[in-house]
Amino acid sequence: MERQVTTLEGEKTEMAKIISGFGSDYFDIWAKRLQVLAEELNFDARDRISVYRFDDDAFTMVGRFSVLPDLNKPGRSVYPANEGVIGAAWKSGDGKCIVTDLPDPITDMDGYLQHNLDHWQIPNEVVRNMNMKPRSVAAYSLMDPHKKSRNAIIVFESTAVDRFSSTTLERRVNGSSGKEIVHLLEILRVREPSLEYARAMGF
């Protein structure tokens, strides 16, 4: 137990160094860390990564990155825990949900809307207003540093079909990238903006 605590403290010290290198702005820190992960995965303008913290039966987005500015735009401030790929991953036994063949929203919007409603309970109006309509989505639950419970979700999205290798993503989520994100969630909690401020910033 003592060795585990020492390891966690060492990892937190390393994260503090990383944060100092990324800057002081909360959202900037997250964007830069997710940018590193996107580069490691060779993501391009079709792709996006987002992290959502679970609190009070809902999810709040804490960070997002995409090469394409339009896909970087925040969406809703709060995401219901029973909706979308986020909700599906959260409720699943293995803590993940991966779909890589969603209907094309350009040529088959009705099919796209129906899939989102039938499988993930997302209302049609919400889907229509999404600034990104992905065809590949992979969501993974994250555990708190003490492995007691799930406390967040990381979501990979792409407008391309069959975009992701689940093996590659899981290796990153279960490896050093996932650990860094989990520790960032813990360390940055005290610096996390209020929901009102996040909304004012567009999140």
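**First stop: a buried aspartate**

Select aspartate 47, which is buried, with a relative accessible area of 2%; buried means under 20% relative accessible area, exposed over 50%, and partly exposed in between, with a 1.4 Å probe and protein chains only. This is a predicted model, in which local features need pLDDT of at least 70 and side-chain atom pairs count only at pLDDT 80 or more, while totals for chains, interfaces and linings use all residues. Residues are numbered from 1 along each chain as its sequence is written, and side-chain values use heavy atoms, with hydrogens and water left out.

Aspartate 47 belongs to strand 1; helices (H or I, at least four residues) and strands (E, at least two) are DSSP runs, numbered from the N terminus.

**Second stop: the cavity**

Now select Ala38, Phe43, Asp44, Asp47, Arg48, Ile49, Phe65, Ser66 and Val67, which line the largest cavity. On a 1 Å grid over the protein atoms alone, a cavity is a set of points where a 1.4 Å probe fits but cannot get out, and lining residues have an atom within 4 Å of a point. The search of the whole structure finds 1 cavity of 30 Å³ or more, and the largest holds about 30 Å³ of space. Grid points are joined across faces, edges and corners, and a volume is the space filled by probe spheres set on the points. Strand 1 (residues 47-55) gives the most to this lining, with 3 residues.

**Third stop: aromatic rings**

Display the rings of phenylalanine 59 and tryptophan 90. Rings of Phe, Tyr and Trp (its six-membered ring) pair if their centres lie within 6.5 Å; planes under 30 degrees apart count as stacked, over 60 as edge-to-face and the rest as tilted. The count comes to 8 aromatic pairs. In the pair on display, the ring centres of phenylalanine 59 and tryptophan 90 are 5.0 Å apart and the planes are at 85 degrees, so the pair is edge-to-face. The pair links distant parts of the chain, with phenylalanine 59 in strand 2 (residues 58-65) and tryptophan 90 in helix 4 (residues 84-91), 31 residues apart. Phenylalanine 59 is buried at 0% relative accessibility, and tryptophan 90 is buried at 16%. Next, select Phe43, Tyr140, Phe156 and Phe164, which ring pairs link into a cluster.

Move to glutamine 121, in the loop between helix 5 (109-120) and helix 6 (124-128). Glutamine 121 is not a glycine, yet has a positive phi of about 55 degrees; at 38% relative accessibility, glutamine 121 counts as partly exposed. Then select aspartate 162, in the loop between strand 6 and helix 7 (166-174). Phi of aspartate 162 is near 50 degrees, again a positive value in a residue other than glycine, and aspartate 162 counts as exposed at 57% relative accessibility.

Technical notes:
On a 1 Å grid over the protein atoms alone, a cavity is a set of points where a 1.4 Å probe fits but cannot get out, and a pocket is an open set with protein on both sides within 12 Å along at least five of seven lines; lining residues have an atom within 4 Å of a point.
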